[in-house]
Amino acid sequence: MKIGNREFDTKHHTYIMGILNVTPDSFSDGGKWDDYDAAMHHTEEMLNSGCDILDIGGESTRPGHQQISEEEEISRVTPLIEAVKKNFDVPISVDTYKSKVAEAALQAGADMVNDIWGFQYDEAMASLVKKYDVACCLMHNRNEAVYENFIEDMYQDLKKCIDTAKAAGIADDKIVLDPGVGFGKTYEMNLDVMKHLDRFNDLGYPMLLGTSRKSMIGLTLDLPVTEREEGTLVTTVMAVQCGYGFVRVHDTEKNRRAILMTEAILKRA
């Protein structure tokens with residue numbers, strides 16, 4: 001698939017989506033990069049260490065987060081998108097579920113919309129993505145972790161996201177899916193998602209895994225957010241083994257090394 005000016009061979013390689021949160025309250029790095037100079041420096045660091053796509057977010061979506069206005073979110077992300085586009089050659093994803101924010105980001109130069117509600121929150125989002133002819137990542141989410149048959153219900157929810165995209169005329173080669181670890185799921189459910197990653201390949205689209213430093217890892221290992229990198233690397237290796245096209249991570253260098261090592265072993269097999 002093509003994102004921005006770059007082709008991604010997701011059938012043969014797992015690519016890195018680097019996280020750049022310009023927020024004061026993100027669970028892992030809140031406040032670290034919401035200064036312009038710090039954000040640009042961190043962007044350069046991530047690109048030098050293997051980042052393939054930069055995912056810029058202006059509102060924390062951690063559990064219990066405080067929703068901010070569209071205007072504030074736009075004021076956080078658009079200047080940075082413009083600056084990154086001016087200074088670096090990298091596809092940019094905007095992490096938002098609001099169509100007004102997404103349109104401002106796309107006008108500023110973003111190449112992809114990463115929607116944590118998979119087009120199910122803002123009914124204008126799908127048609128907007130079609131209008132700008134950009135890629136999208138549709139994540140599984142629910143308001144409550146209530147399911148009858150968890151994995152199969154998830155599968156059907158993702159199919160609904162796909163149907164929404166297709167109804168808007170979005171081409172298959174513009175769609176990425178995300179099983180949504182940490183969203184609308186209990187701790188045990190998140191582990192079940194990891195155990196059944198390959199189930200979602202049956203949907204026929206490139207898959208993205210976003211587990212970096214999340215509570216699933218913290219609860220399993222009883223570690224604070226600053227000490228969850230080894231746990232993240234395990235999930236990245238599992239994503240590669242299951243043929244996922246992307247991982248969304250904070251530490252691009254370590255995850256890139258884990259990907260390359262895993263791919264080298266799998267290619268021998």
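In this predicted model, Y147 has a relative accessible area of 15%, so it counts as buried. F150 comes out buried too, with a relative accessible area of 11%. The cut-off at work here is simple: anything under 20% is called buried. These two residues also form an aromatic pair, with 4.9 Å from centre to centre and 75 degrees between the planes, which makes the pair edge-to-face.

F150 turns up again in the helix packing. Helix α5 (residues 150–167) packs with helix α6 (residues 187–195) at an angle of about 75 degrees, and the axes are 10 Å apart. Angles from 65 to 115 degrees count as roughly perpendicular, and α5 and α6 are therefore roughly perpendicular to each other. On the α5 side the contact is made by F150, I151 and M154, while α6 brings in M189, D192 and V193. Sorted by type, the residues of this contact are 5 nonpolar and 1 charged, with no polar ones.

Another helix pair is α1 (residues 36–48) with α2 (residues 70–87). Here the angle is about 45 degrees and the axes lie 11 Å apart, so α1 is oblique to α2. The crossing of these two helices is right-handed. Y36, A39, M40 and T43 of α1 meet L80, A83, V84 and N87 of α2. This contact of α1 with α2 holds 6 nonpolar residues, 2 polar ones and no charged ones.

Back to the aromatic rings: the count of pairs comes to 5. One of them joins Y15 and F246, whose ring centres sit 6.0 Å apart with planes at 40 degrees, so this pair is tilted. It links distant parts of the chain, since Y15 belongs to strand β3 and F246 to strand β10 (residues 246–249), 231 residues apart. Both Y15 and F246 are buried. Together with F8, they make up one aromatic cluster.

Strand β3 (residues 15–21) also holds G18. With a relative accessibility of 0%, G18 counts as buried. Leaving aside residues up to four places away in sequence, G18 touches M46, C51, I53, L54, D55, V249 and T252. What about E253? G18 and E253 are 235 residues apart in sequence, yet their C-alpha atoms are 9.9 Å apart in space.

Methods
Residues are numbered from 1 along each chain as its sequence is written. This is a predicted model: local features need pLDDT of at least 70, side-chain atom pairs count only at pLDDT 80 or more; totals for chains, interfaces and linings use all residues. Side-chain values use heavy atoms; hydrogens and water are left out. Axes are lines fitted to C-alpha atoms, for helices over the stretch in contact, and angles run from 0 to 180 degrees between N-to-C directions. Helices (H or I, at least four residues) and strands (E, at least two) are DSSP runs, numbered from the N terminus. Angles under 35 degrees count as roughly parallel, over 145 as roughly antiparallel, 65 to 115 as roughly perpendicular and the rest as oblique. A crossing is left-handed if the near helix is turned anticlockwise from the far one by less than a right angle, and right-handed if clockwise. Contact means heavy atoms within 4.5 Å. Ala, Val, Leu, Ile, Met, Phe, Trp, Tyr, Cys and Pro count as nonpolar, Asp, Glu, Lys and Arg as charged, and the others, Gly among them, as polar. Buried means under 20% relative accessible area, exposed over 50%, partly exposed in between (1.4 Å probe, protein chains only). Rings of Phe, Tyr and Trp (its six-membered ring) pair if their centres lie within 6.5 Å; planes under 30 degrees apart count as stacked, over 60 as edge-to-face and the rest as tilted.
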